[in-house]
Amino acid sequence: MPNLQIFLVRSKLDMLRLVVLMLLLIPISAATLTLVGSAFKWHGVSELFGINATAFGAVVAEPGFWKSVSLSFWIGLITPLIALSVVMIFIAAFLNSPSFKWVWAIMKPVLAVPHAAAAFGLLFLIAPSGFIIRLLSPEISGFLRPPDWLIVNDPAGVSFALALVIKEIPFLFFVTMAALPQTDLRRTQIAAGYGHGQIWSWLISVFPAVYLQIRLPVFAVIAFASSTVDVALILGPVAPPPLSIQILRWMNDPDLAKGSIAAAAAIIQIGITLLALLTWWIGEHIVLHLARMAAMRGWRFKRDLPFRLFVGAIMAIAVGLVCFGIALLVLWSVAGVWRFPNALPEIWTFKSWVSQFQNLVETGWRAAKIAFVSSALSLMLVLANLENEHRSNIRPTRLAWWTIFIPLLVPQIAFMGGLSVLFLRLGIDGTLWSVVLVHIIFVFPYVYLTLADPWNAFDTRYLDVARTLGKSDNRAFWEIRLPILLAPVLGAFALGFAVSIAQYLPTLLIGAGRQPTITTEAVALASGGNRRLIGTYALVQTLLPFVFFALASLVPKIAWSNRRALLPTRMGQ
Amino acid sequence: MEQQAGLTPHKDGSIIMQNNGGIKQNNDGLVLQDVKILHNDKHLLGIDAAIKPGEVLTLMGPSGSGKSTIISAIAGFLPAVFTCSGTILLNGKNIANLPPQQRKIGVLFQDTLLFPHFSVLQNILFALPPGGSMAKRCERALSLLDDISMVEFADRDTDTLSGGQKSRVALVRVIASMPNALLLDEPFSKLDADMRDSMRQLVFEEARRKQIPTLLVTHDPEDAKAANGRILTL
């Protein structure tokens with residue numbers, strides 16, 4: 001374990017970091033070992049599959065296997081490619097425009113929308129019987145019945161990728177905005193002064209520095225898109241599905257022999273994600289080379305106005321799809337009779353809410369409990385770590401930084417698959433605390449990522465002043481640094497809460513079906529297709545994180561209403 | 001005043017300042033004996049000086065000469081890349097190895113660094129040594145504010161004050177903590193020219209009235225002139 005060594009030596013065998021390291025790495029290593037173990041254990045009944053004696057052979061022999069693999073691979077690449085391009089070009093084109101702050105204001109609530117809810121909203125919007133076609137029918141389209149089109153669950157995964165793109169755009173937007181203050185934006189003006197177009201100026205002068213900072217989140221998007229389960233269950237292709245869904249089917253198969261096939265497929269899934277990351281990495285170098293060549297040749301790309309407007313429109317559509325989708329969740333949740341092609345329900349009713357009330361409250365409350373505890377514990381761990389870094393005057397090494405993010409770079413289906421088997425053997429599956437523990441693994445990196453920059457940007461001379469005034473380090477922490485950083489601390493908590501609420505697979509697998517939350521219930525409804533029920537569950541799923549985002553932005557404003565220097569408008573952003 | 005500061009080239013070419021503040025060793029005040037500051041194990045500067053209660057010693061030097069580093073070393077929050085050796089006697093007691101909390105040394109920085117989440121009064125209450133009823137503490141804080149004619153600003157948000165007002169509150173805050181020595185790190189440089197003079201008078205008068213040994217570091221000769229004490233040049 002040479003890596004571990006460096007980590008420990010640099011941080012002087014710091015207990016706190018050791019705890020975090022164990023929290024993040026032990027489950028991953030254990031899960032991987034479990035996977036490898038069960039994948040290779042299976043040798044039996046070669047005649048059952050006829051071709052291969054190993055689980056890997058069985059996986060490859062599965063009809064549609066290569067289609068599943070290529071689907072996961074291309075979704076994993078196209079999602080970050082489109083989302084990143086749109087975000088970067090949009091920021092390049094509109095950062096200094098007066099309307100930018102409106103986009104930024106709407107982006108935060110959009111970020112809080114869980115993936116599953118956004119996918120359901122999109123489904124209600126673009127499906128053949130969805131809102132858009134209803135609007136056009138029958139007057140324009142002539143349809144009296146929903147057309148027989150494969151818009152959703154299409155075999156190529158276009159609607160699936162679209163759902164991922166509209167959710168990753170706010171995420172990449174958010175991390176980019178967090179990275180911006182560390183880059184001198186006047187570089188753009190210099191480049192523009194040489195006659196470079198606005199977008200090109202940004203791309204050659206600011207983007208390289210910003211990209212270095214958001215690279216990890218981009219990698220996380222690749223890993224997520226290439227292995228996601230919940231969005232795939234809602235909008236993804238069915239036969240064959242993305243590999244992650246195929247793995248889930250094997251895992252849930254009553255035939256226990258399928259367990260090792262699932263494990264082998266999970267290892268292949270890790271390989272696909274790695275391949276997607278590698279391809280992206282090669283792509284980075286090609287783009288870098290091409291951009292450098294264009295810059296050295298002195299190309300200016302001066303006339304980019306049409307392009308700017310185009311990207312602006314794409315951004316508006318992406319945000320609009322999420323917002324309209326949420327509106328449709330509301331409509332369906334109170335819809336009684338709503339026949340095609342009527343644009344609005346003919347009868348309005350709260351029947352769905354009333355009939356589901358008890359289960360909504362129960363599963364919503366459980367999701368909130370898990371999210372609150374896991375983000376509170378993550379926040380405490382992050383704060384303890386940051387304060388510890390400050391007091392012992394250490395900075396996380398690159399390696400430590402990557403370690404924190406490993407859980408976001410390993411495909412969840414593989415990681416959780418292995419871990420759930422392990423938890424089952426240890427007899428700790430299906431408890432609320434094991435779910436909380438696993439949520440922390442995914443919440444902690446996001447809380448750390450959001451809080452580290454504002455925390456470290458704090459002017460530590462305030463703490464020096466407090467100390468010369470005779471106050472202990474603890475009092476300086478509680479009475480000076482924490483209250484001044486109230487807004488970013490609550491913001492990080494809210495993001496952690498949203499991340500936890502959105503977790504489908506860890507909740508399902510580690511909860512072993514005994515800890516149903518609003519999210520697992522909502523996604524489970526996907527196969528049934530009861531839109532009224534989906535509307536209520538997905539809406540509650542959206543509202544939970546939204547409440548905390550709203551509180552996180554309101555509380556500091558109220559608490560510091562007469563402290564001008566601490567109002568968000570003055571704190572940047 | 002007799003000029004007793006001496007600068008001698010150190011053997012590696014850097015400079016050591018020597019100033020014994022009179023031959024007779026006096027236990028009161030701030031005494032720096034053979035204080036040396038190393039930057040990544042390389043000698044940066046050394047200082048020997050004695051500052052009597054109520055005296056203001058000015059340390060002059062251009063930016064980058066390590067003036068602020070001396071302040072950090074004496075106050076006890078030297079960044080980790082630096083190391084400091086030597087003795088720092090405050091009223092006869094060596095404080096060189098104490099954490100900043102126990103040194104009882106007040107610092108005024110270039111920025112006022114008023115806590116943005118506290119009101120004017122809360123800033124001063126935070127600085128007052130612990131003890132006494134809340135009513136007594138408020139009374140004390142208000143009387144300190146009265147000294148600078150700012151009682152009516154007690155409940156104000158510090159961000160709404162003018163630059164000069166902020167500086168005065170910062171001064172009162174450090175005085176409230178009853179320091180045994182005062183370090184001034186170019187506290188006048190960011191003030192408007194017309195405010196600067198009155199602020200200088202206020203600070204130096206306060207130091208003399210309270211008999212606090214004071215070290216001023218600055219690059220502005222006007223500051224040194226106003227301090228009207230001994231001057232060391234880096």
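**View 1. Ser378 in helix α17 of chain A.** In this predicted model, S378(A) sits in helix α17 of chain A, which covers residues 351-391; helices here are DSSP runs of H or I with at least four residues, strands are runs of E with at least two, and both are numbered from the N terminus. S378(A) has a relative accessible area of 0% and is therefore classed as buried. That label means under 20% relative accessible area, while exposed means over 50% and partly exposed lies in between, using a 1.4 Å probe and protein chains only. Leaving aside residues up to four places away in sequence, S378(A) touches I440(A), V443(A), F444(A) and V447(A), where contact means heavy atoms within 4.5 Å. One of these, F444(A), is 66 residues away along the chain, yet its C-alpha atom is separated from that of S378(A) by 4.9 Å. The side chain of S378(A) also reaches the backbone oxygen of S374(A) at 2.7 Å.

A word on conventions: residues are numbered from 1 along each chain as its sequence is written, and chains are lettered from A and ligands numbered from 1 in the order in which they are written. Local features need pLDDT of at least 70, side-chain atom pairs count only at pLDDT 80 or more, totals for chains, interfaces and linings use all residues, and side-chain values use heavy atoms, with hydrogens and water left out.

**View 2. Where chain A meets chain B.** Here 26 residues of chain A are in contact with 26 residues of chain B. Between them the two chains bury about 2400 Å², 62% of it on carbon and sulfur atoms; buried area is the accessible area (1.4 Å probe) that two parts lose on being put together, summed over both. On the chain A side, T468(A), L469(A) and R563(A) lose the most area to chain B, together 27% of what that side buries. Nine residue pairs, with both residues at pLDDT 80 or more, are in polar contact between the chains. A polar contact is a pair of N or O atoms within 3.5 Å; within protein, one must be able to donate a hydrogen and the other to accept it, and residues adjacent in sequence count only if both atoms are side-chain atoms. Two elements of chain A, α21 (461-468) and α22 (473-484), each give two or more residues to the side that touches chain B. The largest share, seven residues, comes from α21(A). By residue type, this side of chain A divides into 10 nonpolar, five polar and 11 charged residues. Nonpolar covers Ala, Val, Leu, Ile, Met, Phe, Trp, Tyr, Cys and Pro, charged covers Asp, Glu, Lys and Arg, and the others, Gly among them, are polar.

View 3. Side chains of opposite charge can pair when their charged atoms come close. A salt bridge is counted when a side-chain nitrogen of Lys or Arg is within 4 Å of a carboxyl oxygen of Asp or Glu, and two of them run between chain A and chain B. R461(A) pairs with D111(B), with the closest N and O atoms 2.7 Å apart. R461(A) also forms a salt bridge with D459(A), at 3.0 Å between the closest N and O atoms. Together with K190(B), these residues make up a network: D459(A), R461(A), D111(B) and K190(B) are linked by salt bridges. D459(A) is partly exposed at 28% relative accessibility, and R461(A) is partly exposed at 24%.

View 4. R475(A) and E479(A) both lie in α22(A), four residues apart, about one turn of the helix. Their salt bridge has its closest N and O atoms 2.8 Å apart. R475(A) is partly exposed, with a relative accessible area of 35%, and E479(A) is partly exposed too, at 26%.

**View 5. Strand β10 of chain B between its partners.** All five residues of β10(B), residues 214-218, are buried, so the strand is largely enclosed by the rest of the structure. T214(B), L216(B) and T218(B) point one way, and L215(B) and V217(B) the other. Strand β5 (residues 56-60) of chain B pairs with β10(B) in the parallel sense over five bridges; pairing requires that DSSP finds at least two bridges between two strands. In this pair, L57(B) has L215(B) as its bridge partner. Strand β9 (residues 181-185) of chain B also runs parallel to β10(B), joined by four bridges, and L184(B) stands opposite L216(B).
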